[in-house]
Amino acid sequence: MPGTVEVVNVAKSFRRSSEDGSLSVLNGIDLRIEGGTFCCLVGPSGCGKSTLLRIVDGLIKPDAGEVRIDGELVTGPSLDRGFVFQQFNLLPWRTVLANVEFGLENLGVPKGERHERARKVIKLVDLEDFESFYPGQLSGGMQQRVGLARALAVEPSHLLMDEPFGSVDDQTRMLLQEELLTIWEQSQKTVVFVTHDIEEALFLGDQVVVMRGRPSRITRIIDVPFGRPRADEVRGSPELAALKLEIWEELRAGATVEG
Amino acid sequence: MQPSKAEELRAEADDLHIEGERTAVTSVGPPATLAPIGSSRSILDHKWGLRLLVYGGILLAWQVTAMVKGEFFLPTIPATLAGIVHIFSEGYYVELLATLQQLATGFLIALAVAIPIGAVMGRFRFVEDLLSPWVNTLFVTSKESLLPLLIIAFGVAFWYRTWVVIIFAVFFPIINTAAGVRYVDRELKETARAFATSPGRMFTRVYLPAAAPFVVAGIRLGFGMAMKGMVIAELWVLQGTGELLSRFARAPRRLDLYYALVIIIVAFAVMVTEILKAVERRLRPVSSTKGTS
């Protein structure tokens, strides 16, 4: 299936501003994500999972190693990948409609078609009545729907999501998770989803990649046994609880006070 | 990465907004409905009441002084109002229009230069390092000291006066645009990059819209300087409106016309400034004004 992501021996360090030397966050990361897979990266805050996601997108260049998508080297961001940010990052001076059109403008899609395509995805995320609202007038959950619509509007083959539901309340998060699955099940894009919430990763993903340590390594890859379309009851199942415990024990083994 | 204390606080602030803007804005005092009952509310609590008191007092003092001292020192209010009519009926307004044309030309050139320079300074550190010593030095320089030089270069006609306006007006928009662009949210820049925004479109679609309230504030402050430059340029060489001001103040003294002309100029400046202030308010990002969640 097209859309396969290959991460080969990626390393990344950041310079520390206050001290000498650098902080190595990723080292020797190898990962293969088959096309059409929903892949979740979990790990504690600061383990470099968001950095890895940005390297996959091309927003950050790795110090060593490379990322290939369908065999092609990633050299920078592309509109073939849609990015959803934790803090939504909507342009506050643009309406919902204009925010969703942002990527389409960069693609050079003519105005009429742009409106049409944007309206279609706005409908997909249930915001038809809020097209002319500004981000500041919307709740966090609604803003993230706009963020998702913006990423989907360019019809990317990959969806890269950086803790997208980390800033909304629990109920909204669960609703958004279900909506995301509904949308994804219809499109079968390759999704790379970063989260620190183990349960979220298990509920959403086909594959859960566990990262820990500093520099961070991939210590476990779990194939999630739940079928598709994924039933809501999975959340309460003993299998999920067992897997959650297994991942937690894995993470706790490497946990430090600092982490 | 985890929801922080700041986010919780922001969520709380959002809740306040939903209850009504007033609660959020005036959280220091009790809500308006709980205002003290009929006791300490005086005219000083009303912005317009206070203004009426102060401005009325000034006008009254003006009128009384004029009546006591005579029109040779200060024209009365009715005489000044008649002077305004005079400026138009006697054709003096033609000079004023020519002056405003120079103002408009100079100011528009200043903006056309200042906003791109400011944007590039705000965006690229090396441009900032290169230009900011010049900009900062000229900004604090008394521009009046450059007038003789400009007369040597351009004579005393249209382009001299236009250049004076440019030199007075150009610095505020440069400095403000640069500051606005410099402080554009890192997250917004990253977002635009993730959506493969070209470097040119970064300016037009991200930097300048994000910095717009700063830019317009710079335009407004620059306009004030342009007005100043306009009047000083003409007073220096006794041409146009500056010549009229100078003439009305000399024998035969016509202070009624002098005050009338000053009032017209000030009224024009205030009008433009108020329009720019309104634009600035509109450009501020819309925050939650309705409970929509």
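Predicted model: local features only at pLDDT ≥ 70, side-chain atom pairs only at ≥ 80, totals over all residues.
Chain B is divided into two parts: domain 1 covers residues 43-74, and domain 2 covers residues 76-286. The C-alpha centres of domain 1 and domain 2 of chain B lie 31 Å apart. Contact between them involves 9 residues of domain 1 of chain B and 8 residues of domain 2 of chain B. Together, these two domains of chain B bury an area of about 720 Å², and carbon and sulfur atoms give 67% of that area. On the side of domain 1 of chain B, the residues that lose the most area to domain 2 of chain B are Trp62(B), Gln63(B) and Phe72(B), which together account for 61% of what that side buries.

The side of domain 1 of chain B that touches domain 2 of chain B consists of 7 nonpolar residues, 1 polar residue and 1 charged residue. Across the interface of these domains, 0 salt bridges are found, and 2 residue pairs are in polar contact.

Attention now turns to the interface of chain B and chain A. Here 28 residues from chain B meet 36 residues from chain A. The area buried between the two chains is about 2,800 Å², of which carbon and sulfur atoms give 59%. Between chain B and chain A there are 3 salt bridges. One salt bridge joins Arg54(A) to Glu190(B), with 2.6 Å between the closest N and O atoms.

Which elements of chain B give two or more residues to the side that touches chain A? They are helix H1 (5-19), helix H10 (186-194) and helix H11 (199-237) of chain B. The largest share of this side, 7 residues, comes from H10(B). By residue type, the side of chain B that touches chain A divides into 12 nonpolar, 8 polar and 8 charged residues.

Finally, one residue of chain B may be considered on its own. Glu128(B) is placed in helix H6 of chain B, which spans residues 125-140. Is Glu128(B) buried or exposed? Its relative accessible area is 15%, and Glu128(B) therefore counts as buried, since this value falls under the cut-off of 20%. When neighbours within four places in sequence are left aside, Glu128(B) is in contact with Met121(B), Pro133(B) and Arg182(B).

Note on methods
Residues numbered from 1 in each chain as written. Chains lettered and ligands numbered in written order. Heavy atoms only, no water. Helix = DSSP H or I, 4+ residues; strand = E, 2+ residues; numbered from the N terminus. Buried < 20%, exposed > 50% of the residue type's maximum accessible area, 1.4 Å probe, protein only. Contact = heavy atoms within 4.5 Å. Buried area = accessible area lost by both parts, 1.4 Å probe. Salt bridge = Lys/Arg side-chain N within 4 Å of Asp/Glu carboxyl O. Nonpolar A, V, L, I, M, F, W, Y, C, P; charged D, E, K, R; others polar. Domains from an automatic or database assignment. Polar contact = N/O pair within 3.5 Å; in protein donor to acceptor, adjacent residues only side chain to side chain.
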